[in-house]
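Me: I have a protein model open and would like to talk it through. Could we start with the terms and then go through the parts one by one?

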Amino acid sequence: MSKLGDLIKAIRTEQRLTHAQMAARCNLSHGLFSGLETGRRRYLRQQDLDALAAGLGIPLADLLASLPPGALNHGTYIPLYPDKKEAN
C-alpha cells in the first residue's frame, strides 16, 4: 500500500465509513476510491486529488505530502509510486 493509501484508510476507518460511503463523499467512483486505498491504482488526476481532499475533510497539502517526491512534475496523471528507474 502507498502512503496515500495508508492515509485514506486511516481516515475512512476513523470515520467508520465503508469504501462506497467514502467514495460518494469524495465524489469518486467506488472502484477508483478502493484502488487508491488498496494500492491497485497507480496514477491519479489533479481533479481527483482535489475531490479526495475535500471528501476526506483534510487540507490538500496533507495529501500532497503522501505522494512520492516529484510526483506533481509528471503532467496530467500523478504517479502514486516512485518511478522504479529513479529509485535505483
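Reply: Let us begin with one term: a residue counts as buried when its relative accessible area is under 20%, and as exposed when that area is over 50%. Please keep in mind that this is a predicted model.

Me: Is Glu37 buried or exposed, then?

Reply: Glu37 has a relative accessible area of 3%. Buried means under 20%, so Glu37 is buried.

Me: Which residue does Glu37 form a salt bridge with?

Reply: The partner of Glu37 is Arg12, and the closest N and O atoms of the pair are 2.8 Å apart.

Me: How many salt bridges does the structure hold?

Reply: There are two salt bridges in the structure. Besides the pair of Glu37 and Arg12, Asp48 forms a salt bridge with Arg45, with the closest N and O atoms 3.1 Å apart. Asp48 has 6% relative accessibility and counts as buried, whereas Arg45, at 31%, counts as partly exposed.

Me: Let me step back. What does the secondary structure come to?

Reply: The protein chain has six helices and two strands. Read from the N terminus, the order of the elements is α-α-α-β-α-α-β-α.

Me: How compact is the chain?

Reply: Its radius of gyration is 12 Å, close to the 12 Å that the globule rule gives for 88 residues, so the chain is as compact as a globular protein of that length. Along the principal axes, the C-alpha atoms fill a box of roughly 40 × 20 × 20 Å. Buried residues account for 40% of the 88 residues.

Me: What covers them?

Reply: The cover includes helix 1, helix 2, strand 1 (43-45) and helix 4 (46-56).

Me: Tell me about helix 1 first. At what angle does it pack against helix 3?

Reply: The two helices pack at about 115 degrees, and their axes are 6 Å apart. Helix 1 is therefore roughly perpendicular to helix 3. In this contact, Leu4, Gly5, Ile8, Lys9 and Arg12 of helix 1 meet Phe33, Leu36 and Glu37 of helix 3. By class, the contact has four nonpolar, one polar and three charged residues.

Me: And where does helix 2 come in?

Reply: The axes of helix 2 (residues 19-26) and helix 3 come within 9 Å and cross at roughly 110 degrees. Helix 2 and helix 3 are therefore roughly perpendicular to each other. On the side of helix 2, the contact is made by His19, Ala20, Met22, Ala23 and Cys26, and on the side of helix 3 by His30, Phe33, Ser34 and Glu37. The classes in this contact are five nonpolar, three polar and one charged.

Me: Leu32 was in your list of buried residues. What does Leu32 touch?

Reply: Leaving out residues up to four places away in sequence, Leu32 touches Arg41, Leu44 and Asp48. Leu32 and Asp48 are 16 residues apart along the chain, and their C-alpha atoms are separated by 9.3 Å. At 9% relative accessibility, Leu32 counts as buried.

Me: What about Asn27?

Reply: Asn27 is not a glycine either, yet its phi is positive, about 60 degrees. Asn27 lies in the loop between helix 2 and helix 3 and is exposed, at a relative accessible area of 70%.

Me: Last one: which residue follows helix 3?

Reply: Gly39 follows helix 3, and its phi is positive, near 90 degrees.

Terms used
Residues numbered from 1 in each chain as written. Predicted model: local features only at pLDDT ≥ 70, side-chain atom pairs only at ≥ 80, totals over all residues. Heavy atoms only, no water. Salt bridge = Lys/Arg side-chain N within 4 Å of Asp/Glu carboxyl O. Buried < 20%, exposed > 50% of the residue type's maximum accessible area, 1.4 Å probe, protein only. Axes fitted to C-alpha atoms, helices over the stretch in contact; angles between N-to-C directions. Helix = DSSP H or I, 4+ residues; strand = E, 2+ residues; numbered from the N terminus. Parallel < 35°, antiparallel > 145°, perpendicular 65-115°, else oblique. Contact = heavy atoms within 4.5 Å. Nonpolar A, V, L, I, M, F, W, Y, C, P; charged D, E, K, R; others polar. Rg over C-alpha atoms; globule rule 2.2 N^0.38 Å.
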